[in-house]
Amino acid sequence: MGAYELTLVAVVSINVMLALGLNLITGFCGQVSLGHAAFFGTGAYAAALMAAAGWPLPVVLVAGGVTAAVLGLLVGFTSLRVREDFLAITTMGVGFVFVGFVRKQGWLGAEMGLTNIPDHGLGDIGFILMCLGLVAAMAAISAHIKRSWLGFGFAAVADDEATARTLGINVPLYKLAAFVIGTFLAGVAGAVYVYFTRFIIPGAFGFTVSISILSMVIVGGVGSLWGVIVAAVLLTLLPEFSRVINDYKLLLYGALIVLTMRFAPDGLAGIVTSLSRRLRRSET
Amino acid sequence: MTTPLLQVDAVTVHFGGITALERVGFSLVAGELLGLIGPNGAGKTTLLRAIIGVVAPDEGRVHLAGRDITTLSTDARARLGLALTHQIVRPFRSMSVIDNVVLAAGHAKTGSLLKAVAAVGRVAEERRAGELLALVGIADFAQANPAALPLGALKRLEVARALAIDPKVLLLDEPLAGLNSVEAERLAETLVRLNAGGITMILIEHNLAKVAEVCARLVVLDNGRKIADGATRETLADPAVVAAYIGKEAADART
Amino acid sequence: MLHVELVLQGLVNGSMYAVVAIGLTLIYGLLRILHVAHAGLYTLGAYITVLTTNATGSLALGILAAMLVVGLCGMLVYRLLYEPMLERPPYVALIASIGLFICMEESYRIVFGPYGSSFDMPRLGERIALGPISIAAADAAMLVGAIVLLTGLAMLMRRTRFGVAWRATVTDPAMARSFGIDTIKVRYVNFFIASVFAAAAGSLVAVLNNLVEPTMGSVPSYKSLAIIVLGGLGQVGGTLAAALLLGVIEAYGTIYAGAYLDRDAIAFIFLIVVLMIRPQGLFARGS
């Protein structure tokens with residue numbers, strides 16, 4: 001693998017981590033978040049400060065996750081107050097406030113960002129292996145949650161909160177859990193991003209990033225684990241493979257969001273499921 | 001006298017300027033099957049919703065087994081043993097029929113986050129859910145999506161799902177409405193049998209003949225107020241109750 | 001004098017927000033759609049105004065063309081995108097709308113180029129003196145334009161059959177239909193009028209800045225979502241108040257809080273705080 005391929009693997013890994021985290025919140029638990037980049041950014045800034053202060057890599061990764069999860073918990077509380085489209089614009093607001101705040105903070109480098117981030121010391125291959133390991137771990141966590149009773153409860157909360165309550169499910173606690181876990185993953189992704197670029201600016205965590213992550217989750221099929229992973233990989237790689245697609249990357253993401261919402265609300269996963277059902281029916 | 005299992009004291013509920021319930025109180029001893037009747041708009045559904053906590057009463061208290069549950073959330077009340085079937089069915093539409101019941105049967109696991117995240121197996125809950133679906137007579141629909149079910153089957157799904165949380169007190173909001181007479185007869189028998197087996201129930205039902213057949217005691221609401229409470233036969237003969245029903249029917253007949 | 005200037009500056013910005021947000025609130029009131037792509041139509045209106053004016057030499061013609069074309073585009077967006085989604089959860093239309101908005105911005109960048117366009121004629125540069133205060137002519141044009149538009153809307157809602165039909169449909173669609181109101185037509189007319197306002201706002205801002213850019217809709221789009229929520233969703237009066245208030249608060253915020261917070265984040269701080277205290281918005285009627 002050349003340096004370019006290694007870079008691609010790292011970028012894809014980070015996007016898959018972000019998509020998996022958002023999928024926990026929006027896919028499993030049904031809480032629409034349009035501000036996922038804020039948690040990514042929180043994790044990244046926390047990690048950058050810790051790494052610059054000389055903390056070792058594992059501590060920095062965990063610190064990135066925990067800091068993002070603390071913000072995630074706070075934002076999770078808003079989901080107890082507002083729902084659906086209101087929650088969507090609240091989380092969007094969190095994203096704008098995050099960027100608007102960081103831009104003006106001298107201790108976070110303001111517009112110039114943070115640059116004095118040390119090398120991860122793993123070597124190129126080591127770093128890539130770490131990325132892949134983290135992706136595998138996060139996919140495993142997601143798969144476990146989906147199979148567990150927690151995931152079952154999330155599905156009930158996403159479907160009908162009031163009825164879930166009458167069955168003894170503590171809906172607020174479930175929502176907070178989804179936000180904490182999902183934003184923790186985003187924070188870890190932020191820490192990985194910091195070691196990868198060794199330079200962060202507020203603009204890297206703006207609204208378009210939130211929307212890009214959301215488009216991966218939506219195109220993959222909200223709540224579907226493999227669908228989201230496939231979509232995250234494809235949507236990250238497509239712009240890399242073609243200069244033309246790269247120039248029109250946002251147009252592609254926007255168009256995919258519109259088309260998926262309009263014609264295939266269950267995304268790739270939904271299309272595959274209905275195709276395989278049709279195949280099976282024509283066989284019998 | 002034993003402590004009542006469920007005690008409702010002077011519960012008042014306002015919706016905007018309308019008083020849906022005004023100082024309604026009654027108590028329920030373990031093992032009872034109480035009929036809750038009254039003309040349309042009397043406040044029966046609101047009373048059940050206030051007991052389970054979906055509606056917050058403006059005044060009054062609710063006690064379950066001697067414990068004040070007035071300020072508890074609906075899910076906390078469900079974990080203490082209250083279950084509700086909805087008059088207008090509310091299945092989880094993203095799940096199969098049996099998964100609706102499996103989820104409820106796993107209440108011991110979903111009731112705590114730590115247990116929920118650690119527990120994966122569903123075998124026992126699936127068996128229990130299968131039994132309950134058979135009990136209410138919709139085992140054939142187990143794998144179907146609720147969207148594909150007729151109303152009568154969805155009403156029975158409500159009952160199966162509520163039973164799956166092993167309630168001490170089951171609040172039944174017109175479970176028999178929407179069923180054909182054979183289905184209604186069978187479900188009523190099932191409820192009586194479950195009641196004999198130890199589940200205390202409150203049943204809202206419009207068919208007075210059916211209520212008289214099933215319930216030993218009635219509470220009657222009219223215009224948000226309790227107008228009668230007592231043994232079924234005497235209550236149905238109570239002039240106030242007769243007036244509430246006949247007055248309503250006379251008024252309905254005029255329009 | 002600082003305060004007078006700040007308030008004036010705030011009102012100028014606020015009146016721009018108001019003209020954009022009023023269309024959003026009309027759409028939300030009727031259909032519960034958070035129509036982010038509205039700001040894409042606003043940008044389109046600005047481009048059409050500049051291009052038509054430069055081609056014909058008449059600003060009036062430019063503004064008229066923008067209103068007409070954008071109004072029709074608004075109806076098209078409703079027909080092709082939102083109508084098939086009305087039965088789905090409300091966030092579906094919101095996310096689709098964000099997708100459409102991104103597509104629109106990118107298309108403008110591709111079609112019109114990334115650097116923006118200007119009128120061939122000189123900018124309204126002179127200042128008008130009103131006693132001790134003076135105001136830039138372009139700012140005055142923005143204020144006057146907004147007042148004319150909003151008064152026109154008020155007349156439309158109060159005095160015309162459409163206004164009656166709109167209010168009846170918002171209150172109770174079934175009842176409105178039983179009175180013979182064509183509620184489907186009301187929706188189309190609603191999108192037309194809202195989009196005409198977006199185009200007008202775009203024209204005014206084009207004149208105000210003598211510059212139109214592909215991304216000029218970004219700030220108004222998301223900010224006007226905040227405004228209609230603060231204004232109590234679907235409440236025309238509340239939206240106006242919220243827009244003007246936000247304009248003024250931002251003007252002060254830039255001076256007094258600019259060291260800690262970006263100006264564009266102020267609206268969202270308010271949005272979040274208000275939603276936490278009153279989930280139904282600042283100026284909403286009690287339920």
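Which residue stands opposite Leu36(B) in strand 9 of chain B? You'll find the reply in Figure 1. One thing to keep in mind for every view: this is a predicted model.

**Figure 1. A look into the open sheet of chain B, which has six strands.**
The residue opposite Leu36(B) is Val219(B), in strand 9 of chain B. Helix 7 of chain B, residues 151–163, packs on the sheet and touches strand 6 and strand 7 (169–173) of chain B. The direction of helix 7 makes about 170° with that of strand 6 of chain B. Now for the strands themselves: strand 3 of chain B (residues 33–37) and strand 9 of chain B (residues 217–222) run parallel, joined by four bridges. Trace the whole sheet and you get the order 6-7-8-3-9-10, with mixed pairing. At the edges sit strand 6 (82–85) and strand 10 (225–231) of chain B, each pairing on one side only. On average, neighbouring strands of this sheet are turned by 15° against each other, direction ignored.

**Figure 2. Where chain C meets chain A.**
Two pairs of chains touch, and the pair with the most contacts is A and C. Chain C brings 34 residues to this contact and chain A brings 33 residues. On the chain C side, helix 4 (90–112), helix 9 (218–230) and helix 11 (263–277) each supply at least two residues. Helix 4 of chain C gives the most, with 13 residues. Sort the chain C side by class and you count 29 nonpolar, two polar and three charged residues.

**Figure 3. Where chain B meets chain A.**
Here 26 residues of chain B are in contact with 21 residues of chain A. Four helices of chain B each supply at least two residues to the side touching chain A: helix 2 (74–80), helix 3 (97–105), helix 4 (107–110) and helix 5 (113–118). The largest share of that side, four residues, comes from helix 2 of chain B. By class, the chain B side has 14 nonpolar, seven polar and five charged residues. And what about chain B and chain C? No contact joins chain B and chain C, and their closest C-alpha atoms lie 8 Å apart.

**Figure 4. The largest nonpolar core, with 274 residues.**
Met17(A) and Leu171(B) are the residues with the most contacts inside this core. The largest share of the core, 18 residues, comes from helix 8 of chain A (residues 171–197). Zoom in on Met17(A): leaving aside neighbours within four places in sequence, Met17(A) is in contact with Leu134(A), Val135(A), Met138(A), Leu185(A), Val188(A) and Ala189(A).

**Figure 5. Helix 8 of chain A from end to end.**
This helix has 27 residues and reaches 39 Å from its first C-alpha to its last, close to the 39 Å expected at 1.5 Å a residue. Why is helix 8 of chain A described as largely enclosed by the rest of the structure? Because 23 of its 27 residues are buried.

**Figure 6. Two helices of chain A packed together.**
Two packed helices are described by the angle between their axes and the distance between the axes. For helix 2 (residues 36–52) and helix 4 (residues 84–102) of chain A, the angle is about 35° and the axes are 8 Å apart. Helix 2 of chain A makes the contact with Ala37(A), Ala38(A), Gly41(A) and Tyr45(A), while helix 4 of chain A uses Val94(A), Gly95(A), Phe98(A) and Val102(A). By class, this contact has six nonpolar, two polar and no charged residues.

**Figure 7. Helix 10 of chain C and its surroundings.**
Helix 10 of chain C (residues 236–256) has 21 residues and reaches 30 Å from its first C-alpha to its last, close to the 30 Å expected at 1.5 Å a residue. Its buried residues include Val236(C), Leu240(C), Leu246(C) and Glu250(C). The buried residues of helix 10 pack against helix 1 (2–31), helix 5 (137–159), helix 9 and helix 11 of chain C.

**Figure 8. Ala267(C), a residue of helix 11 of chain C.**
Is Ala267(C) buried or exposed? Ala267(C) counts as buried because it has 28 C-beta neighbours inside 10 Å. Leaving aside neighbours within four places in sequence, Ala267(C) is in contact with Lys223(C), Ala226(C) and Leu246(C). Thr254(C) is 13 residues away along the chain, and its C-alpha is separated from that of Ala267(C) by 12 Å.

Technical notes: Residues are numbered from 1 along each chain as its sequence is written. Chains are lettered from A and ligands numbered from 1 in the order in which they are written. This is a predicted model: local features need pLDDT of at least 70, side-chain atom pairs count only at pLDDT 80 or more; totals for chains, interfaces and linings use all residues. Two residues are in contact if their C-beta atoms, placed from the backbone, lie within 7 Å. Ala, Val, Leu, Ile, Met, Phe, Trp, Tyr, Cys and Pro count as nonpolar, Asp, Glu, Lys and Arg as charged, and the others, Gly among them, as polar. A nonpolar core is a set of buried Ala, Val, Leu, Ile, Met, Phe, Trp, Tyr and Cys residues joined through C-beta atoms within 7 Å. A residue is buried if 20 or more other C-beta atoms lie within 10 Å of its own, exposed if 12 or fewer, and partly exposed in between; C-beta atoms are placed from the backbone. Axes are lines fitted to C-alpha atoms, for helices over the stretch in contact, and angles run from 0 to 180 degrees between N-to-C directions. The expected span of a helix is 1.5 Å times one less than its number of residues. Two strands pair if DSSP finds at least two bridges between them.
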